[in-house]
Amino acid sequence: MQHLGMGQAVNQALREEMIRDSGVFIAGEGVGVSIHDSPMLPTHGLLAEFGPTRVKDTPVSEAAIAGLAVGAAEAGLRPVVEIMFNPFFTLASDMIVNHAAKLRYLSGGKSSFPLVVRMKSGAGFGAGCQHSHNLEAWVAHCPGLKVVMPATPADAKGLLKSAIRDPNPVVFIEDMMLYFAPGPVPEGEYLIPIGKADVKRPGRDVTVVTWSKMLAVALGAAETLAAEGIEAEVVDLRTLSPLDTETILASVRKTGRLVVLHEACRTGGFAGEVAAVVMEQAFASLKAPLRRVTGPDIPVPASPPLERFYIPDQGQLIAAVKEIV
């Protein structure tokens with residue numbers, strides 16, 4: 001078993017898929033030559049290995065990058081393009097939402113449009129609101145797009161390989177803080193199916209549903225709660241769209257309680273969708289009102305102390321669990 005950061009796991013997935021399929025190529029700002037190049041980052045070394053025809057640095061235009069992806073997919077290639085930061089999705093959204101997400105539907109399913117849009121997300125670097133805000137709920141709201149947010153290096157590799165092979169457009173969101181957090185990654189070829197959540201820790205008293213960087217917060221809080229006799233079951237969604245409602249409902253029906261944890265701001269956040277699914281399909285199993293633990297409804301601050309205030313922590317999650325257990 002190898003130990004890699006998420007950036008290295010993504011790099012390994014990209015390399016393996018580019019070797020496997022000559023139609024896979026990478027494009028984006030700084031994916032080839034970057035002033036911040038590091039072995040821990042996703043596209044490190046790929047330009048030297050595959051050359052500029054398959055690893056293409058682009059102008060600073062997210063709309064152009066997204067348009068390149070749509071056109072290349074329509075021409076039969078499998079583009080993997082990078083939008084440097086999650087908030088920049090707003091600049092690329094016309095091509096992704098109004099074209100990529102709809103073309104297969106408009107063909108009656110006769111055509112496939114395989115493309116992956118990788119985006120960095122997450123607070124913690126002091127980069128401010130224009131670079132750090134989490135917009136996964138925006139993307140998941142768009143029919144025709146699959147949305148993946150892995151929390152571990154192993155999941156990142158297996159899910160990215162599945163995303164590249166998928167005939168539909170996939171938005172693959174990577175939290176920047178996880179690039180440097182090592183974890184075990186299986187050797188060799190493996191895939192993780194898109195649309196399947198994973199119970200990272202079993203429990204009997206409360207279900208905590210989360211994804212991406214907040215998984216570590218959930219697991220840390222669960223350890224603390226276990227010492228006090230409260231067993232939390234931690235469900236990592238991994239994929240927001242399609243949503244694995246079966247795993248969520250099975251857990252809530254067992255524990256009778258639900259807390260949803262995410263870093264994005266509260267209003268309109270994806271926790272509301274998870275809560276709605278449980279209220280519609282497992283209301284009779286609930287022993288207490290559900291709770292949401294989220295970022296506040298403010299832009300992500302650049303100031304490190306204010307940024308720490310913005311990001312949900314173990315204390316907030318533990319308090320929410322104790323309110324309903």
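**A walk through the model**

Tutor: Happy to! Keep in mind that this is a predicted model. Let's begin with helix 7, whose buried residues are P153, A154, D155, A156, K157, G158, L159, L160, K161, S162, A163 and I164.

Student: Okay, so how many of the 13 residues of helix 7 are buried?

Tutor: Twelve of them are, so helix 7 is largely enclosed by the rest of the structure.

Student: And how far does helix 7 reach from its first C-alpha to its last?

Tutor: Helix 7 covers residues 153–165 and reaches 19 Å, which is close to the 18 Å expected at 1.5 Å a residue.

Student: Is G7 buried or exposed?

Tutor: G7 is buried, because its relative accessible area is 0%, and the cut-off for buried is under 20%.

Student: Which residues does G7 touch, leaving out those up to four places away in sequence?

Tutor: G7 touches M40, L41, P42 and Y179.

Student: What about E228, how far is that from G7?

Tutor: Their C-alpha atoms are separated by 36 Å, and the two residues are 221 residues apart along the chain.

Student: Let's go to the surface. Which residues form a nonpolar patch there?

Tutor: F125, M177 and F180 do, with about 280 Å² of accessible area together.

Student: Where is F180, then?

Tutor: F180 sits in the loop between strand 7 (170–175) and strand 8 (183–185). With a relative accessible area of 43%, F180 is partly exposed.

Student: Last topic, aromatic rings! How many aromatic pairs are there?

Tutor: The count comes to three aromatic pairs. One of them is F85 with F88: the ring centres are 5.5 Å apart and the planes are at 90°, so this pair is edge-to-face. Both F85 and F88 are buried.

Student: What can you tell me about the rings of W211 and F270?

Tutor: Their centres are 5.8 Å apart and their planes are at 85°, so W211 and F270 are an edge-to-face pair.

Student: Why do you say that pair ties parts together?

Tutor: W211 is in the loop between strand 10 (206–210) and helix 8 (214–227), while F270 is in the loop between strand 13 (258–265) and helix 10 (271–281), so the pair ties together parts that are 59 residues apart in sequence.

Student: Are W211 and F270 buried or exposed?

Tutor: W211 is buried, and F270 is too.

Conventions:
Residues numbered from 1 in each chain as written. Predicted model: local features only at pLDDT ≥ 70, side-chain atom pairs only at ≥ 80, totals over all residues. Heavy atoms only, no water. Buried < 20%, exposed > 50% of the residue type's maximum accessible area, 1.4 Å probe, protein only. Contact = heavy atoms within 4.5 Å. Patch = residues over 30% accessible without salt bridge, like charges linked within 9 Å, V, L, I, M, F, W, Y side chains within 5 Å. Areas by Shrake-Rupley, 256 points an atom, 1.4 Å probe, with all protein chains shown as cover. Salt bridge = Lys/Arg side-chain N within 4 Å of Asp/Glu carboxyl O. Helix = DSSP H or I, 4+ residues; strand = E, 2+ residues; numbered from the N terminus. Expected span 1.5 Å × (residues − 1). Phe/Tyr/Trp six-rings, centres within 6.5 Å; stacked < 30°, edge-to-face > 60°.
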